[in-house]
Amino acid sequence: MGVPTVSFEMTGAQPAAVLAGEWTLAGLRGRLDALKRQLASADAARTVRWDLHALTRLDSLGAITLWRAWGDRLPDGLDADPRTLDMLRAAAVLGPCRPAPRARPRRGDSLVALGRLGGALVAQLLGMIALSGQILFDAVRMLRFPQDAPLRELSANLYKTGVTALPITALVGFLIGVVLSYLSALQLKTFGADVFIINILGIGIIRELGPVLVAVLVAGRSGSAMTAQLGVMRVTEEIDALVTMGVPATLRLVLPKVAALVAAMPLLVLWTSASALFGGMVAAAVQLDIGFGFFLDTLPRVVPIANLYIGFGKGLAFGLVIALVACHFGLTVRPNTESLSANTTRSVVSAITCVILVDAVFAIATRHIGMPT
Amino acid sequence: MTAPVIDIRGLVTRFGNHLVHEGLDLSIPAGEVMALVGGSGSGKTTLLRQVIGLMRPQRGDIRVLGQPLFSGDLQADRALRQRFGMLFQQGALFSALNVLENIAFPLRELRWLDRETIHDLVMIKLAMVELEPRHAWLMPAELSGGMVKRVALARALALEPELLLLDEPTAGLDPDRSAAFVSLIRRLRDQLGLSVVLVTHDLDTLSALATRVAVLGERRILAEGTLDHVMKQDHPFIRSFFGAARPAAGGR
Ligand SMILES: Nc1ncnc2c1ncn2[C@@H]1O[C@H](COP(=O)(O)OP(=O)(O)O)[C@@H](O)[C@H]1O
Ligand SMILES: [Mg+2]
C-alpha cells in the first residue's frame, strides 16, 4: 500500500510538487497533520505545478485536505488524471467558507432563560388543561354512545396499574410502617407515652403517608410506563394510524388509563395503609409490648373515620394527577429517542411534584377535619 | 477476475425447525453490482444480516473482503466492519441526532479526525447524495422517505467503504424517486469504484443497476450470473419472477 506523500522539487523556473500514494481515510491515518504542515509550508506557496499522477487513490478526505490547503480553490498548474480531478471538483461544493451552524440561543442571559422556563411551564399547564377538557368531552361522548366505551382497555389498565402493584406496595408499606413505629417507639418510651404510638401511626399513615407513598410508587411504576407507551406510539406513528381509522386517540388510549388509575389508586391507598399499619403494629408489639388486640381496639377510637375518607380522596386526586401528567408527556413526545427518554423522566418528576403540591392543598383545606379533640 | 468480495460456502441457517438456507454457496466478484432476488421470506435479508455479521450462521463459512467475520481478534473485526457500509431497509437513522450528526457519527468514532474536517466530509457526502447543506440541520423525523434513504446512504459511505450492501433500496419510493435513487447509486459506484450487493424486488431497479444476479430459492442459490444468463434458466420461480420483464428485457 502506498503511503501518502508530497515532495517538492524546488529547482528550475517551475517549482513543482509531486503527490503520491493513497490519499484516503485509511492511508492518511496518523499522517494527516504532517502532510497538512507540509502543504502549508513556504515551499508549497512557491509551487506552480502540482503533479498528481503518482497518486494511486484519492477519496473525500484527501480531496478536502488538498482543497483547504490550496486556499479553497484548484491551483492553476494542476496536473491530474480525470478521476482524481472529479474527486477534487466534488470538494468544490464546500465553497470558500464553512456554513455557520444554526444559531444557538445565547447562554448566560439568565432573564431570558427564566422567561423561557416560565413560558414552558405555562405551555405545559395549558396542554394539561386541554387534555383534561378532551377527556371530559370523551367521557360525555361515551355516555351518549356506550358502545364506544373502551371497556377492555379499562380492565387491562386496572390490572396493570392496580393488581400488579399489590405486592410491591404491600412490601414497601410494611417496611415503612416498621421503621416509623420503631423510631417513634424509641422516643415515646422515654416519655412513658407508649400508647400514643397508635395515634401517631394511625393519623400519620392513614391520612398522609399511605397516599403519598402509593403516589410515589405508582408515578414511578405506572406513570413512566404510560408515558413510554404513548411516546413509542407517537414515534412509530401508531397514534396517527389509530386516528386515521376513526378511533379517537384520547378516548381509546388516555381515558382508560386515567379512569383505571383513578379507580385503582384509592384501593391501593387502602391496601398500603393497611400493610403499613400492620408493620407498625408488629414493631409496636416487639418494642413496646402493645398487643395486636389492644392496638386494633384503640385505633378506631383515636383516629376519627374522617381520616380514612381524606386518604381515599387523596388517592382519587393523586391518581388523576399522575395519569394526566403521564399521558400529557406521552402525547407530547417528539419522534426521536432522546425526546422519549426526556419526557419519561419529566413525567415521573412532574407527577411526584404535582402530587406533593396537591397534598399541600389537601392539608390546608382539611385542617379542621378529622383531628382528634 | 479479482478475488471475491463475499465468499459464502455451505451456509446453513435455521430458526427453530424452520430451515432457511441449506448448504448455500455464493461468491461475489469485486467490482460487480450483484442483485439478490427471491420470493418473500426466502431469506434474503437474513443472508445480508449474516454477511455483515449481525447474525452468526449455524454452519458454513462466510468471508467478506477475504477475511472471516468473526476472527476472534476484536481489533481486526472492527477494522473489517469499517470497510463495508450497509443501507438498511428503513434507513435506521439515529432519531435523536440530526442529519449532520448521523453522517458524522462513524467518522467521530474513528477518533482521529478534527471537527472541521468531519464537518467538511459530511458536507461532501451530503452533496454526493444530492442533498443541500441546509438539510444537515433537519432531524430524521423531518425527512421524506427518499431523503431518509439518501442520508442513510451518505452515512453508509462515510467511511469510504469498498463494499456497499443495500437492502431493498427502492422499496417504498415512488417510481420517479426510485429511478433517481438508482441513478445516484450508479453514479456513486462509478465514481468511488464500489462493489455493491443489493436485495430487491423491483425489476426496474434490477435491470438498471445489476451487473450480475443471484436467485435465492429452495434454500439455496438457484441461479447466478449475468441477467441474460439467469433469465435463460428454466425454473418455475425464475420464469414467473422475470415473466413480465422477459419480452422487454430480451430487446435490450
Ligand atoms: N429472527 C427470526 N426468528 C425466526 N424466524 C425468522 C427470523 N428472521 C427471519 N425469520 C424467518 O426466516 C425467513 C427468511 O426471512 P427474511 O430473510 O426476512 O426473508 P426475505 O427474503 O423476505 O428478506 C422467513 O420465513 C422468516 O419468517
Ligand atoms: Mg427482507
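Predicted model: local features only at pLDDT ≥ 70, side-chain atom pairs only at ≥ 80, totals over all residues.
**Ground rules.** Residues count from 1 along each chain as its sequence is written, chains are lettered from A and ligands numbered from 1 in the order written. Local features need pLDDT of at least 70, side-chain atom pairs count only at pLDDT 80 or more, totals for chains, interfaces and linings use all residues, and side-chain values use heavy atoms, with hydrogens and water left out.

**Entry 1: ligand 1.** I looked up the residues around ligand 1, taking those with a heavy atom within 4 Å of it. I found Phe15(B), His18(B) and Val20(B), then Gly39(B), Ser40(B), Gly41(B), Ser42(B), Gly43(B), Lys44(B), Thr45(B) and Thr46(B). By class, I get two nonpolar, eight polar and one charged; Gly counts as polar and Lys as charged here.

Next I checked polar contacts (N or O atoms within 3.5 Å). The side chain of Thr46(B) places an N or O atom 2.5 Å from an oxygen atom of ligand 1. For the side chain of His18(B), I read 3.1 Å to a ligand oxygen. Ser42(B) uses a backbone N or O atom instead, 3.3 Å from an oxygen of ligand 1.

I also noted cover: the protein hides 57% of the 560 Å² of accessible area that ligand 1 has on its own (Shrake-Rupley, 1.4 Å probe). Which element gives the largest share of the shell? That is α1(B), with three residues. Helices here are DSSP runs of H or I, at least four residues, and strands are runs of E, at least two.

**Entry 2: α6 and α13 of chain A.** Helix α6 (residues 110-144) packs against helix α13 (residues 306-331) at about 105°, axes 10 Å apart. The axes are lines fitted to C-alpha atoms over the stretch in contact, with angles from 0 to 180 degrees between N-to-C directions. So α6(A) is roughly perpendicular to α13(A), a label for 65 to 115 degrees.

Key
Polar contact = N/O pair within 3.5 Å; in protein donor to acceptor, adjacent residues only side chain to side chain. Parallel < 35°, antiparallel > 145°, perpendicular 65-115°, else oblique.
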